[in-house]
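Hi everyone, thanks for coming. Let me walk you through a structure that may be new to you.

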Amino acid sequence: MSDHLSRWPEGHSLPALPQQRQTGPRSESVELTLEERDAFAQLVRRLGGRDV
């Protein structure tokens, strides 16, 4: 390493960067109606190349 470059001390965050989360975002879900589930299943089949 060059003399003009200094290493940031380990364990210290850079002041210009926001604090990072240690865990991922919490999981969310929604209940679908029967019609929505059928429509979604049909969309997945179409995108997968298996038209009904």
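**A helix and its surroundings**

Let's start with V44, which sits in helix α1, covering residues 34–47. This is a predicted model, where local features need pLDDT of at least 70, side-chain atom pairs count only at pLDDT 80 or more, and totals for chains, interfaces and linings use all residues. Residues are numbered from 1 along each chain as its sequence is written, and side-chain values use heavy atoms, with hydrogens and water left out.

The chain has one helix and zero strands; these are DSSP runs, numbered from the N terminus, with H or I over at least four residues for helices and E over at least two for strands. With 14 residues, α1 reaches 20 Å from first C-alpha to last, close to the 20 Å expected at 1.5 Å a residue. That expected span is 1.5 Å times one less than the number of residues. After α1 comes G49, with a positive phi near 85°.

So, is V44 buried, partly exposed or exposed? V44 is partly exposed, because its relative accessible area is 41%. Here buried means under 20%, exposed over 50%, and partly exposed in between, using a 1.4 Å probe and protein chains only. Across the 52 residues of the chain, 0% count as buried.

Now for charges. Side chains of opposite charge can pair when their charged atoms come close. The whole structure holds one salt bridge, meaning a side-chain nitrogen of Lys or Arg within 4 Å of a carboxyl oxygen of Asp or Glu. E28 and R26 form it, with their closest N and O atoms 3.9 Å apart, and both residues are exposed.
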